[in-house]
Amino acid sequence: MYLLPYEFSWLAVVFFGGTGLLFVRGQRVLAQAGTPLPGWRIALFWLGFVLAYSVMHTQFDYFAQFMFFIHRIQHLVLHHLAAILLMASNPWKVLSAGFPEGRTKHIVARALSSRVIQIPYRIIQFPPLAGFIFVGLIFFWLMPEVHFKAMLSQPLYLVMNWSMFLDGILFWWLILDPRSPVRAKTLSFGKRIIVIWFVTVPQLGLGAYIVTSPANLYDIYDLCGRAWPIAPHDDQVLGGVLTWIPPGMMGVLVMVVLLRRMLHQSEQTKVRPA
Amino acid sequence: MIRVISWVAPILLALMVASCSNNDVAWKGSDIRGVMPDLSFELISESGLDVNQETFLGKATLMFFGFTNCPDICPGTLQGLASAIEALPEERQDEVQVLFVSVDPSRDTPDRLKAYTDFFGPQVTGLTGTDDQLSALVKRMRATYGYGEADENGNYAVSHSSAIYGFNADGEAQVLLRGNQPISDLTHDIQLLLQAS
């Protein structure tokens with residue numbers, strides 16, 4: 001019962017069903033080719049996958065619609081935790097391997113490398129813009145008037161959740177892309193750390209504002225009813241704390257991973273003969 | 001960089017213009033036109049008959065969820081709505097109806113509902129339904145309800161939405177009102193609802 005969706009969504013079924021199938025198939029194809037995926041990457045992928053699906057397409061979504069602090073947990077998972085885990089697993093090669101060989105794969109590959117896709121992709125992954133969109137979306141959906149409408153309109157609610165999840169994937173891929181900045185011309189580690197700082201500080205401010213605001217910022221939860229009795233101010237404070245502290249902690253953890261990679265890379269550079 | 005800005009600036013500008021161009025109506029409540037779905041339900045009336053939204057089209061409608069044992073929010077809101085309707089010109093009072101939807105069907109029988117709504121005036125009609133019917137409507141209106149633990153006498157509290165949903169005569173969602181708004185605000189928005197009808 002708890003695993004059934006509160007509001008059934010074909011989009012969720014197609015996205016998660018398709019991605020899950022591609023990954024399972026990709027794992028098998030890579031194993032047969034003699035390059036099996038390390039266990040830690042499989043674990044990271046499925047953990048992120050299950051977390052994202054659970055908060056979007058089970059009864060958890062009911063509680064997220066009728067409790068502000070659970071809504072904040074939902075977005076913390078979609079925009080941060082699940083997206084970080086999925087991108088840390090570097091799933092693209094596996095997903096590609098899982099796509100059945102043939103004409104369709106060829107067409108999809110050509111479409112993905114076409115200018116129609118690549119130009120918008122490069123624009124939204126331009127680091128200052130990617131950081132702006134990442135933090136801007138958090139602020140945008142938490143503007144009281146916007147939040148009010150998003151919680152009342154089902155289509156807008158879906159746009160809100162999917163925009164957070166997809167933006168989380170794009171942003172954390174920019175940050176966690178495992179390809180070498182030197183050889184693959186990806187974003188340098190120093191710039192990645194600056195971008196994380198750039199997005200984390202405003203989030204801290206927003207969380208602190210929500211926690212300390214004496215006003216009832218999100219009265220939509222009073223109007224629509226809460227999933228269980230809780231004082232509106234307590235709900236807001238809990239939601240504010242979840243906006244304030246965990247994203248900052250996750251940002252710091254990702255920075256540690258990046259610093260480790262940076263050290264690893266400079267060690268490799270030293271070892272390599274001139 | 002300049003190429004990037006030349007792409008992004010027009011998009012941002014278009015978004016800003018689109019967000020500013022709103023067909024403004026000076027509601028005192030919150031505008032929900034185009035945000036919330038039209039009036040649609042299958043319920044049981046206080047006469048014990050199966051009814052749907054078709055029965056109630058043709059008048060401006062204010063819909064509110066509650067239960068007759070409610071100690072404060074429901075009687076306060078219904079009294080406020082009754083007073084707001086009384087403040088309308090007499091000839092227009094019958095163009096408005098209040099649908100009080102009880103989410104406590106096990107206690108709120110049609111007879112009990114009728115006795116309760118009669119107290120608040122002829123414009124108020126009581127509705128209830130099976131659990132499935134109520135869940136479908138409440139979900140459609142993006143709201144929720146739930147029951148507390150029963151005491152030794154079998155009494156229990158019911159948590160429910162406190163919103164008043166305003167629809168025009170065609171059943172199109174227009175405005176979301178709060179039960180604690182001043183009566184003059186409620187009257188103001190009911191007049192706008194009548195104009196929208």
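The model before you is a predicted one, in which local features need pLDDT of at least 70 and side-chain atom pairs count only at pLDDT 80 or more, whereas totals for chains, interfaces and linings use all residues. Residues are numbered from 1 along each chain as its sequence is written, chains are lettered from A in the order in which they are written, and side-chain values use heavy atoms, with hydrogens and water left out.

Helices here are DSSP runs of H or I with at least four residues, strands are runs of E with at least two, and both are numbered from the N terminus. Two packed helices are described by the angle between their axes and the distance between the axes. The axes are lines fitted to C-alpha atoms over the stretch in contact, and angles run from 0 to 180 degrees between N-to-C directions.

Helix α2 (residues 39-57) of chain A and helix α4 (residues 68-88) of chain A cross at roughly 160°, their axes coming within 7 Å. α2(A) is therefore roughly antiparallel to α4(A), a term for angles over 145 degrees. On the α2(A) side, the residues in contact include Trp40(A), Phe45(A), Gly48(A) and Met56(A); among their partners in α4(A) are Gln74(A), Leu78(A) and Leu85(A). By class, this contact of α2(A) with α4(A) holds 16 nonpolar, two polar and no charged residues. Nonpolar covers Ala, Val, Leu, Ile, Met, Phe, Trp, Tyr, Cys and Pro; charged covers Asp, Glu, Lys and Arg; the others, Gly among them, are polar.

The second pair is helix α10 (residues 154-176) of chain A and helix α11 (residues 189-212) of chain A, with axes 9 Å apart and an angle of about 145°. Phe171(A), Trp172(A), Leu174(A), Ile175(A) and Leu176(A) of α10(A) meet Arg192(A), Val195(A), Ile196(A) and Val199(A) of α11(A). The classes here are eight nonpolar, no polar and one charged.

I turn to the loops. Most residues other than glycine have a negative phi. Asn90(A), in the loop between α4 and α5 of chain A, has a positive phi near 45°. Lys185(A), in the loop between α10 and α11 of chain A, has a positive phi near 60°. Lys185(A) counts as exposed at 72% relative accessibility; exposed means over 50%, buried under 20%, and partly exposed in between, with a 1.4 Å probe and protein chains only.

Finally, chain B contains five helices and ten strands, and 49% of its 197 residues count as buried.

Conventions: Angles under 35 degrees count as roughly parallel, over 145 as roughly antiparallel, 65 to 115 as roughly perpendicular and the rest as oblique. Contact means heavy atoms within 4.5 Å.
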